[in-house]
Number of protein chains: 2
Amino acid sequence: MGYKLLTAGLILFLVAGKGLEGRSQTAEDSAFLRRLADIVLTDGKAYEDLRTLTKQVGGRLSGSPGYYKAEVWGQKAFQDAHADKVWLQECMVPHWVRGGKDSASFVAGGAGSSGGGVAGKRTGLDILTLGNSVGTGAKGIMAPVLLIHSFEELEQRKDEVKGKIVFYNYVFNPKFVETFRSYGDAVRYRVFGPSQAAKYGALAVLVRSMSHSVDNNPHTGALVYNDSFPKVPAAAVGLYDADKLADAIGRGGDVRVFLRTLARMLPDTVAHNVIGELKGSLSPEQFITVGGHLDSWDPAEGAMDDGTGCVQAIEVLRALKAAGYVPKHTIRAVLFANEENGGRGGEKYMEEAKAKGERHLFALESDAGGFTPRSFSLSLSDQQLAAAQPWIRLLQPYGVYEFAKGGGGADVEPMEKLGVVAGELRPDSQRYFDYHHSRNDVLEVVNKREMELGALNMAALIYLVDKYGWGQ
Amino acid sequence: MGYKLLTAGLILFLVAGKGLEGRSQTAEDSAFLRRLADIVLTDGKAYEDLRTLTKQVGGRLSGSPGYYKAEVWGQKAFQDAHADKVWLQECMVPHWVRGGKDSASFVAGGAGSSGGGVAGKRTGLDILTLGNSVGTGAKGIMAPVLLIHSFEELEQRKDEVKGKIVFYNYVFNPKFVETFRSYGDAVRYRVFGPSQAAKYGALAVLVRSMSHSVDNNPHTGALVYNDSFPKVPAAAVGLYDADKLADAIGRGGDVRVFLRTLARMLPDTVAHNVIGELKGSLSPEQFITVGGHLDSWDPAEGAMDDGTGCVQAIEVLRALKAAGYVPKHTIRAVLFANEENGGRGGEKYMEEAKAKGERHLFALESDAGGFTPRSFSLSLSDQQLAAAQPWIRLLQPYGVYEFAKGGGGADVEPMEKLGVVAGELRPDSQRYFDYHHSRNDVLEVVNKREMELGALNMAALIYLVDKYGWGQ
């Protein structure tokens with residue numbers, strides 16, 4: 001557009017900023033949120049923190065050297081943000097290693113495929129071994145492939161599975177507007193598919209990547225073995241290559257897949273949640289937690305998952321302090337360990353809070369990417385949700401227009417067992433699965449301002465909860 | 001995030017999809033919007049249309065060969081979308097040419113800057129000549145530079161301007177959450193700055209780019225000369241280089257800028273609005289218009305500005321027809337000519353509608369980028385706005401949660417003079433000015449699904465207006 005549109009922009013802004021009314025909303029709150037916004041949008045440090053985390057630390061899977069570098073990075077970042085206290089909370093984490101370069105290909109041969117024009121030709125597949133997977137051994141596995149579209153089809157064809165490599169080609173459903181719904185719908189094939197196939201004698205598993213991106217980058221993620229069945233190697237395939245393999249199988253004839261991965265699980269090892277605190281002035285023994293997870297998958301920089309959540313949590317502390325806010329309750333920012341392949345950091349945080357009998361008002365996480373905020377998902381009663389609604393008018397000028405009844409992020413979800421209100425920032429979800437668990441989850445895909453708006457809305461909600469609580 | 005979050009995603013979706021009530025909302029409407037969504041999200045053609053427009057046509061400034069290629073592209077796209085009628089509407093447009101590669105640099109010398117360590121060193125500046133600018137001649141201009149931060153400062157220092165190159169270094173304000181506000185605030189230096197400086201004897205003008213991106217790409221755009229003063233050449237400077245130049249000036253001493261541009265304005269030439277129609281069944285002589293602008297700046301592919309608006313408008317026709325909807329009124333998708341440096345296409349469309357006495361119910365434009373939709377800005381009376389509010393419940397599952405009182409996009413704004421309700425899609429604005437009028441406005445910065453959601457919400461609103469009107 002040219003320059004004529006500025007009038008529309010102006011009017012929109014005035015509408016968005018229009019008068020506030022309702023409970024727990026004062027001109028003071030409105031002015032404080034504006035001050036927070038000015039600090040985060042003009043003097044924010046989150047993007048520079050993300051730059052050092054992604055470019056100087058990089059990938060940081062639990063137990064990897066990168067994770068321990070990230071722990072050091074996190075402590076320094078909290079100190080630079082002027083946290084009153086910075087400390088480490090120890091926990092044991094799984095230690096899975098990729099072990100080397102993943103490799104896969106397929107060969108289509110035999111009469112049936114003679115028309116396909118690929119008879120005997122070896123075609124490479126861009127794959128990433130799934131987290132927690134066992135390896136194939138250095139020689140790899142070569143076996144006929146069985147194309148499966150659903151667990152129902154697997155049941156119907158279970159007699160064909162033995163000795164094969166099962167390829168789950170379940171498509172990430174584009175009809176869901178909220179992309180986490182597509183993920184919830186498809187991810188069971190990645191998480192449970194390997195053991196389901198092993199149950200019927202599969203030698204290995206390939207799974208179509210959990211994404212509707214327009215590229216061929218494979219998307220890894222954790223699998224969970226069922227100990228009743230043999231552990232078989234499993235890998236995610238890029239979307240173009242998944243289609244290529246499915247087409248070759250569709251042409252009929254013998255299609256054989258080669259898979260080689262050196263992945264293995266090592267004994268559990270020590271890691272830490274990295275925690276920064278702002279001391280409460282009125283009830284320092286009562287806590288509000290805000291966090292993201294520090295670990296990431298190994299092939300990428302973990303920018304969106306969950307570097308942005310970490311630097312946003314740090315920015316919440318920094319901005320509240322920079323704005324001169326003295327919290328009633330102790331506000332803790334937590335960089336959780338091991339969300340990706342175990343969730344041990346979140347469990348440990350809950351267990352220690354329980355053991356110490358800590359009282360927690362709220363536990364908020366950002367782990368859905370550093371995109372423009374739209375909503376907060378909160379584990380509130382209908383009564384509490386209604387009581388909090390007037391706050392929407394305060395947040396809407398900064399992007400959040402909805403409180404949705406729901407759960408917290410994976411790391412704070414355990415706190416719900418202690419009766420704590422848990423929540424998660426829900427930014428726009430359209431781009432998340434383009435990058436999720438993929439090698440293109442790098443700094444360059446993060447927009448500075450979108451991430452800053454997320455941090456700003458998190459700081460604003462923490463401020464409101466600290467000041468007013470949830471009501472009864 | 002891992003796989004635990006899917007529960008939250010699930011609940012959110014149910015909340016977003018919760019029961020509809022209020023005027024003009026029937027289960028039939030809800031079901032039809034769902035059918036539209038399925039068509040656009042699973043079988044949409046907008047992204048492929050955008051690929052051919054950006055990669056096979058590319059830049060398409062008014063009067064350039066690219067623009068005429070784009071007219072051919074547009075007619076074919078409408079035919080492929082099964083428009084009932086496709087036609088061209090002729091208009092005269094300005095024909096400005098860049099004329100060759102822009103070039104600029106600065107040299108800091110003299111005693112004052114001896115401490116700066118750059119004395120005599122020539123430093124290149126990444127610039128783009130502003131649209132409609134005159135050139136410097138082949139030899140270029142070398143002159144001392146005057147750093148100016150505002151028009152107020154220009155007035156105070158007007159005696160220093162003669163014989164200098166004025167450098168407006170007004171910073172794009174990051175405090176506005178709605179980035180079009182920052183644009184509205186800063187763009188006057190690009191549009192009016194050159195003549196304001198020429199009024200006091202400036203030889204040329206440099207202006208800081210209208211952006212808060214994290215790169216150095218210059219952002220061009222139209223200037224408007226005041227015929228009372230000499231026409232001086234003007235160019236936009238990338239943000240890093242603007243800071244570099246300002247720093248050198250700040251170190252004191254003589255800083256001289258070299259500027260060379262071969263830009264020139266040629267006589268007006270013929271171009272066309274490209275129009276596709278779905279014939280109305282009940283009142284074919286009454287019209288609803290939806291559009292974007294076909295022209296773009298020359299250094300880029302014009303993906304976000306406004307390729308996405310064009311393919312979204314085409315997708316509106318295609319999806320409504322594919323869904324089997326028979327409109328009451330004639331629905332016209334218009335690819336407007338010359339939005340960027342003249343607005344002649346929009347003016348022509350209005351003039352012809354006026355001359356023919358056409359009755360128009362609504363004119364909607366998408367010219368704020370192919371990002372996830374959040375709002376529609378509409379030139380409605382308070383009464384009409386209130387009457388339309390219940391539609392929000394129908395649109396919210398697809399992203400639009402607000403109708404804001406405002407104007408239409410630049411191309412449909414002229415229709416307001418005929419008493420027509422004008423509107424514009426208001427997607428998330430955070431990334432727009434990273435790409436706007438810059439060489440990085442390319443296909444790769446467009447997310448397929450975000451753009452599709454924009455097209456979907458546009459089609460949904462067009463459907464509702466066609467079916468129910470605006471009320472009185």
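**Entry 1: the two domains of chain A**

I began with how chain A is divided: domain 1 covers 3-94 + 267-468, and domain 2 covers 99-262. I noted at once that this is a predicted model.

I looked up the distance between the domain centres. Taken over C-alpha atoms, the centres of domain 1 and domain 2 of chain A are 35 Å apart. Next I checked who takes part in the contact. Domain 1 of chain A gives 17 residues, and domain 2 of chain A gives 22 residues.

Then I turned to area. Domain 1 and domain 2 of chain A bury about 1600 Å² between them, and carbon and sulfur atoms give 53% of that. Which residues of domain 1 of chain A lose the most area to domain 2? I found A:F433, A:H437 and A:R439, together 38% of what that side buries.

A:R439 came up again in my next search. Its side chain meets that of A:D126 in a salt bridge (2.8 Å, N to O). The count between the two domains of chain A is two salt bridges. I also noted ten residue pairs in polar contact across this interface, both residues at pLDDT 80 or more. On the domain 1 side, helix α14 (residues 432-435) of chain A brings the largest share, four residues. I sorted that side by type: six nonpolar, seven polar and four charged residues.

**Entry 2: chain B against chain A**

I moved on to the two chains. In chain B, 76 residues are in contact with 76 residues of chain A. The chains bury about 6100 Å² between them, 60% of it on carbon and sulfur atoms.

How many salt bridges are counted between chain B and chain A? I read off two. In a salt bridge between the chains, the side chains of B:R431 and A:E450 meet at 2.8 Å, N to O. Helix α1 (residues 6-16) of chain B supplies nine residues, the largest share of the side that touches chain A. By type, this side of chain B has 30 nonpolar, 23 polar and 23 charged residues.

**Entry 3: one residue, B:V205**

I ended on a single residue. B:V205 lies in strand β7 (residues 204-208) of chain B. Is B:V205 buried or exposed? I call B:V205 buried because its relative accessible area is 0%, and buried means under 20%.

I then listed its contacts beyond four places in sequence. Among them are B:I165, B:V166, B:Y168, B:P194 and B:V232. Finally I checked B:K164, 41 residues from B:V205 along the chain. Their C-alpha atoms are separated by 8.7 Å.

How values were computed. Residues numbered from 1 in each chain as written. Chains lettered and ligands numbered in written order. Predicted model: local features only at pLDDT ≥ 70, side-chain atom pairs only at ≥ 80, totals over all residues. Heavy atoms only, no water. Helix = DSSP H or I, 4+ residues; strand = E, 2+ residues; numbered from the N terminus. Buried < 20%, exposed > 50% of the residue type's maximum accessible area, 1.4 Å probe, protein only. Contact = heavy atoms within 4.5 Å. Buried area = accessible area lost by both parts, 1.4 Å probe. Salt bridge = Lys/Arg side-chain N within 4 Å of Asp/Glu carboxyl O. Nonpolar A, V, L, I, M, F, W, Y, C, P; charged D, E, K, R; others polar. Domains from an automatic or database assignment. Polar contact = N/O pair within 3.5 Å; in protein donor to acceptor, adjacent residues only side chain to side chain.
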